[in-house]
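Hi there,

Here is the structure I promised to pass on. Have a look at it first, and then read my notes below.

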Amino acid sequence: MPRFAANLTMMFNEVPFLDRFEAAAKSGFTSVEFLFPYDHPAEEVGKRLKGNGLTQALFNLPPGDWNAGEKGFAALPDRFADLQQSLKTALPYTQATGVKRVHLMAGIGERSDAGAVAAFRKSVAHAAEFFAPHGLDVVIEPINPRNVPGYFLNDFIFARDLINELGIANLKLQFDIYHCQIIHGDVTMRLREMMPIIGHVQIASIPSRNEPDGEELNYPFLFGELDRLGYGGFVGCEYNPRGKTTDGLAWFKPYAGVKP
């Protein structure tokens with residue numbers, strides 16, 4: 001049975017961020033993820049997590065100036081120093097939460113630009129090597145161009161090939177089913193093909209990015225497929241609730257309380 005992680009950036013927005021840990025636990029979640037914890041002290045994030053008996057599934061490395069439109073800088077040749085600093089910034093949060101995987105964002109750039117491709121390869125390898133001694137995986141995630149126009153990593157095939165070429169043991173694919181369906185379609189076959197390199201899965205309805213209870217995809221089938229494929233990782237609920245978060249959790253009731 002899949003182990004679902006509530007995404008506290010998108011879910012439980014009815015309360016302040018640090019109170020969402022309790023809200024998720026009360027709703028039956030045993031694990032959480034979020035985009036960025038850096039507005040809050042690492043010790044406080046860890047305290048809220050552990051105080052509610054939750055496991056941290058994932059969070060993102062610092063992306064740069066998010067409010068100015070930056071979405072990471074791994075593919076930006078002139079930002080390698082910022083990339084290196086971002087890993088150091090994230091480290092206390094990995095230690096405070098006990099997370100086992102972090103997401104490295106690529107940034108806005110063109111895959112037709114050889115310099116951007118070389119920068120991304122260098123950054124990905126460096127991040128994986130930096131976190132390896134700490135027992136952490138680094139995941140990279142293709143993001144569809146509808147939600148983030150111009151995002152460098154917008155192709156699952158490119159991501160798969162890069163991971164396989166680099167051959168770094170703690171470098172994995174973040175397989176967001178929502179993004180895959182928009183970019184490529186044929187989600188089930190891509191899950192089957194890429195399962196050996198998948199380190200994290202995320203879900204949302206398509207096209208609305210709401211609760212995974214309708215629209216284009218049959219999520220109960222996909223959840224069963226993850227079990228059939230032997231996926232043992234987390235499934236992050238990275239969706240925008242249609243209304244109050246708890247009002248949209250009927251889909252989750254059969255899975256509530258599943259331990260990590």
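Predicted model: local features only at pLDDT ≥ 70, side-chain atom pairs only at ≥ 80, totals over all residues.

Residues are numbered from 1 along each chain as its sequence is written, and side-chain values use heavy atoms, with hydrogens and water left out. The labels H and S stand for helices (DSSP runs of H or I, at least four residues) and strands (DSSP runs of E, at least two), numbered from the N terminus.

**The annotated domain**

An unreviewed UniProt entry marks residues 21-254 as "domain: Xylose isomerase-like TIM barrel". UniProt positions are given in the numbering used here, feature names are shortened, and annotations may be inferred rather than shown by experiment. Over residues 21-254 the chain is 38% helix and 14% strand, with the end C-alpha atoms 20 Å apart.

**The annotated active site**

The unreviewed UniProt entry also places the feature "active site" at Glu141 and Glu238. They span 98 residues in sequence, yet no two of their C-alpha atoms are more than 13.0 Å apart, so they gather at one spot. Both Glu141 and Glu238 belong to the lining of the second largest pocket. For a pocket, picture a 1 Å grid over the protein atoms alone: a pocket is an open set of points where a 1.4 Å probe fits, with protein on both sides within 12 Å along at least five of seven lines, and lining residues have an atom within 4 Å of a point.

Glu141 is found in the loop between strand S5 (137-140) and helix H5 (156-166). Is Glu141 buried or exposed? Glu141 is buried, with a relative accessible area of 3%. Here buried means under 20% relative accessible area, exposed means over 50%, and partly exposed is in between (1.4 Å probe, protein chains only). Beyond its neighbours within four places in sequence, Glu141 is in contact (heavy atoms within 4.5 Å) with residues including His103, Gln174, Asp176 and Glu238.

Glu238 lies in the segment after strand S8 (234-237), and Glu238 is buried too, at 7% relative accessibility. Its side chain makes a polar contact of 3.1 Å with the side chain of Arg209. A polar contact is a pair of N or O atoms within 3.5 Å; within protein, one must be able to donate a hydrogen and the other to accept it, and residues adjacent in sequence count only if both atoms are side-chain atoms.

Not counting residues up to four places away in sequence, Glu33 is one of the residues that Glu238 touches. The side chain of Glu33 is also joined to that of His200 by a polar contact of 2.7 Å. His200 lies in strand S7 (residues 198-203) and is buried, with a relative accessible area of 0%.

**Rings**

Rings of Phe, Tyr and Trp (its six-membered ring) pair if their centres lie within 6.5 Å; planes under 30 degrees apart count as stacked, over 60 as edge-to-face and the rest as tilted. The count comes to 22 aromatic pairs. In one of these, the rings of Phe17 and Phe34 have their centres 5.3 Å apart and their planes at 75°, so the pair is edge-to-face. Phe17 sits in the loop between strand S1 (3-7) and helix H1 (20-26), and Phe34 in strand S2 (residues 31-34), 17 residues apart. Phe17 and Phe34 are both buried.

**Back to H5**

At the start of H5, a side-chain oxygen of Asp155 reaches to within 2.7 Å of the backbone nitrogen of Ile157. The buried residues of H5 are Phe156, Phe158, Ala159, Arg160, Leu162 and Ile163. Among the elements that cover them are helix H4 (114-131), S5 and strand S6 (171-176).

In the loop between S5 and H5 you will also find Arg146, which is exposed, with a relative accessible area of 51%. Arg146 touches Tyr178, Ile182 and Pro207, leaving out residues up to four places away in sequence.

Happy exploring!
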